[in-house]
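Visitor: I am new to this structure and would like to know what the labels rest on. Please show it to me.

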Amino acid sequence: MSYSFMRVMLMFDLPVQTKKQRRVYSNFRKDLIKKGYIMLQFSVYVKLLNNRDSAVQHIHVIKKNLPQEGQVRILMLTEKQYARMEVVLGGKSRQEKIITIDPFMLV
């Protein structure tokens with residue numbers, strides 16, 4: 001088993017026209033946060049995992065609890081690939097600045 005860190009990036013677009021749809025959206029978002037995701041941008045969340053095996057297992061859990069409507073996309077990246085992401089407008093969020101390549105060290 002490899003111990004290289006992986007990032008799971010989850011992007012979603014859920015309908016929010018009705019009260020029920022807004023509740024589903026809110027519950028889905030809150031569940032992601034409980035599972036350790038941080039918001040990268042609106043409706044784009046990322047989570048750092050220990051290795052590929054845990055990332056695959058985590059994605060399997062997410063797939064079991066998807067909303068009935070909307071679109072959800074999941075992307076699995078190595079920490080090296082994630083680190084090469086460029087911010088071309090704006091800047092890194094406060095949460096992004098805290099999360100480093102060493103998940104046990106806070107900046």
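Guide: Let us begin with arginine 29, which is found in helix H1. This is a predicted model, in which local features need pLDDT of at least 70 and side-chain atom pairs count only at pLDDT 80 or more, while totals for chains, interfaces and linings use all residues. Residues are numbered from 1 along each chain as its sequence is written, and side-chain values use heavy atoms, with hydrogens and water left out.

Visitor: Why is arginine 29 called partly exposed?

Guide: Buried means under 20% relative accessible area, exposed over 50%, and partly exposed in between (1.4 Å probe, protein chains only). Arginine 29 has 30% relative accessibility, so it counts as partly exposed.

Visitor: Why does arginine 22 count as partly exposed?

Guide: The relative accessibility of arginine 22 is 42%, and therefore it counts as partly exposed. Arginine 22 also lies in helix H1.

Visitor: Which residues form the positive surface patch?

Guide: Lys19, Lys20, Arg22 and Arg23 form it. Patches are made of residues with over 30% relative accessible area and no salt bridge; like charges are joined within 9 Å, and nonpolar side chains (Val, Leu, Ile, Met, Phe, Trp, Tyr) within 5 Å. Lys and Arg count as positive and Asp and Glu as negative, with His and the chain ends not counted.

Visitor: How do you know that glutamate 79 forms a salt bridge with arginine 7?

Guide: A salt bridge is a side-chain nitrogen of Lys or Arg within 4 Å of a carboxyl oxygen of Asp or Glu. For glutamate 79 and arginine 7, the closest N and O atoms are 2.7 Å apart. The pair links distant parts of the chain, with glutamate 79 in helix H3 (residues 79–83) and arginine 7 in strand S1 (residues 6–13), 72 residues apart.

Visitor: Are these two partners buried or exposed?

Guide: Glutamate 79 has a relative accessible area of 7%, so it is buried. Arginine 7 has 3%, so it is buried as well.

Visitor: How many salt bridges does the structure hold?

Guide: It holds 2. Aspartate 31 forms a salt bridge with lysine 35, and here the closest N and O atoms are 2.7 Å apart. Aspartate 31 counts as partly exposed because its relative accessibility is 26%.

Visitor: Where are asparagine 50 and asparagine 51, and what are they called by accessibility?

Guide: Asparagine 50 is in the loop between S3 and H2, and asparagine 51 lies in the loop between S3 and helix H2 (52–64). Asparagine 50 has a relative accessible area of 47%, so it is partly exposed. Asparagine 51 has 6% relative accessibility, so it counts as buried. From C-alpha to C-alpha, asparagine 51 and phenylalanine 5 are 4.9 Å apart in space and 46 residues apart in sequence.

Visitor: How many residues does the chain have, and what share is buried?

Guide: Of the 107 residues in the protein chain, 28% are buried.

How values were computed
Accessible areas come from the Shrake-Rupley method with a 1.4 Å probe; for residues, only the protein chains shown count as cover. The place of a charge is taken as NZ of Lys, CZ of Arg, CG of Asp or CD of Glu. Helices (H or I, at least four residues) and strands (E, at least two) are DSSP runs, numbered from the N terminus.
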